[in-house]
Amino acid sequence: MATKQFNGRAVEVDADGHLADRVDWDEALAGVIAEEAGVGELNDRHWLVINFMRKVFDETGDAPSIRRLTKESGVPTKELYALFPKGPAKKAAMIAGLPKPTGCI
Amino acid sequence: MSENNNGEIKKVSIIVSKGSLEGIYPALIMANGARMEGIEATLFFTFFGLDAIIDKRMDKVKVATVGNPGMHIPTFIGAIPGMSAFATSQMKKEMEALDIPPIREFIEMIHDTGADIFACKATVDMFHLKKEDFCEQVDEIISVGQFYEKSAGAEIIFT
């Protein structure tokens with residue numbers, strides 16, 4: 001398992017660069033990951049998506065992919081792509097400290 | 001090229017030429033999947049594939065139960081009236097459970113991800129169609145030449 005430095009803090013990550021263990025996650029770390037992923041400073045809309053992702057992961061054991069986000073997070077597709085450019089489901093999962101979503105849709 | 005030095009795909013252009021449910025969905029799933037990975041995507045609908053974006057037809061697309069060996073039913077049974085509708089409703093139930101939306105919703109979603117949606121001019125002319133016959137997500141009716149221009153640097157996928 002690889003280790004990555006976030007703001008001087010060593011954290012274990014998986015092959016996709018997502019946190020290997022959710023216990024390492026906190027809101028401050030989310031902010032650092034977001035900066036690195038090119039998402040910039042997190043606002044309320046980002047947090048709505050991140051918190052929804054964490055909730056779904058708690059329920060299902062998988063991070064939601066884009067259709068579920070569009071349908072249930074309260075943030076429409078266009079805005080998702082504006083908030084998390086280049087792959088919202090993947091990026092939001094990364095910032096939320098979750099593995100990459102396995103769903104195709 | 002559509003690949004950088006890591007062989008990473010940057011852009012895809014997907015041609016949809018078939019008008020059956022099983023002909024259309026793989027292309028939509030691949031286009032949406034591309035956008036989910038941060039890959040640029042273009043959908044080009046041609047021939048019977050146009051049914052997926054014709055406003056009056058897109059909600060009525062069915063599974064082919066005749067001449068489709070993948071259905072694993074004899075052709076004469078597949079030809080019984082209502083068989084295609086039955087197979088379609090069964091498949092739609094399965095798809096909803098997998099979070100695969102109906103065609104209209106899927107096209108809207110894909111367009112909202114920033115993908116471009118084009119209709120093929122040659123087919124539009126052949127079928128005597130007009131821009132207003134299509135759903136609002138269709139960006140433009142374009143020629144094959146324009147398709148290639150817009151696909152510069154893309155991987156072209158024919159379905």
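1. Ground rules. In this predicted model, local features need pLDDT of at least 70 and side-chain atom pairs count only at pLDDT 80 or more, while totals for chains, interfaces and linings use all residues. Residues are numbered from 1 along each chain as its sequence is written, chains are lettered from A and ligands numbered from 1 in the order in which they are written, and side-chain values use heavy atoms, with hydrogens and water left out.

2. The largest core. A nonpolar core is a set of buried Ala, Val, Leu, Ile, Met, Phe, Trp, Tyr and Cys residues joined through side-chain atoms within 4.5 Å. Buried means under 20% relative accessible area, exposed over 50%, and partly exposed in between (1.4 Å probe, protein chains only). The largest such core has 73 residues, and those with the most contacts inside it are Met53(A), Phe45(B), Ile53(B) and Ile103(B). Helix α1 (residues 21-36) of chain B gives the most to this core, eight residues. Helices (H or I, at least four residues) and strands (E, at least two) are DSSP runs, numbered from the N terminus.

3. Contact means heavy atoms within 4.5 Å. Not counting residues up to four places away in sequence, Ile103(B) touches Leu21(B), Ile24(B), Tyr25(B), Leu28(B), Ala52(B), Met58(B) and Val61(B).

4. Area between the chains. Chain A gives 16 residues to the contact and chain B gives 18 residues. Together the two chains bury about 1500 Å², with 55% of it on carbon and sulfur atoms; buried area is the accessible area (1.4 Å probe) that two parts lose on being put together, summed over both. On the side of chain A, Arg67(A), Tyr81(A) and Ile105(A) lose the most area to chain B, together 45% of what that side buries.

5. Charges across the contact. A salt bridge is a side-chain nitrogen of Lys or Arg within 4 Å of a carboxyl oxygen of Asp or Glu. Seven salt bridges are counted between chain A and chain B. One salt bridge joins Asp112(B) to Lys78(A), with the closest N and O atoms 4.0 Å apart. On the side of chain A that touches chain B, the elements giving two or more residues are α3 (66-72) and α4 (77-83) of chain A, and α3(A) provides the largest share, five residues.

6. Helix α5 of chain A. Is this helix mostly covered or mostly uncovered? Helix α5 (residues 88-95) is mostly covered, with seven of its eight residues buried. Those buried residues include Pro88(A), Lys91(A) and Ile95(A), and they pack against α1 (27-36), α2 (44-60), α3 and α4 of chain A. Just after α5(A), Gly97(A) takes a positive phi of about 80 degrees.

7. Pro99(A). This residue sits in the segment after α5 of chain A. Pro99(A) is partly exposed, at a relative accessible area of 33%. Leaving aside neighbours within four places in sequence, Pro99(A) is in contact with Asp14(A), His18(A), Phe57(A), Ala63(A) and Ala93(A).

8. Gln137(B). The loop between α5 (121-126) and β4 (140-142) of chain B holds Gln137(B). Gln137(B) is buried, with a relative accessible area of 12%. Leaving aside neighbours within four places in sequence, Gln137(B) is in contact with Ile107(B), Glu108(B), His111(B) and Ile117(B).
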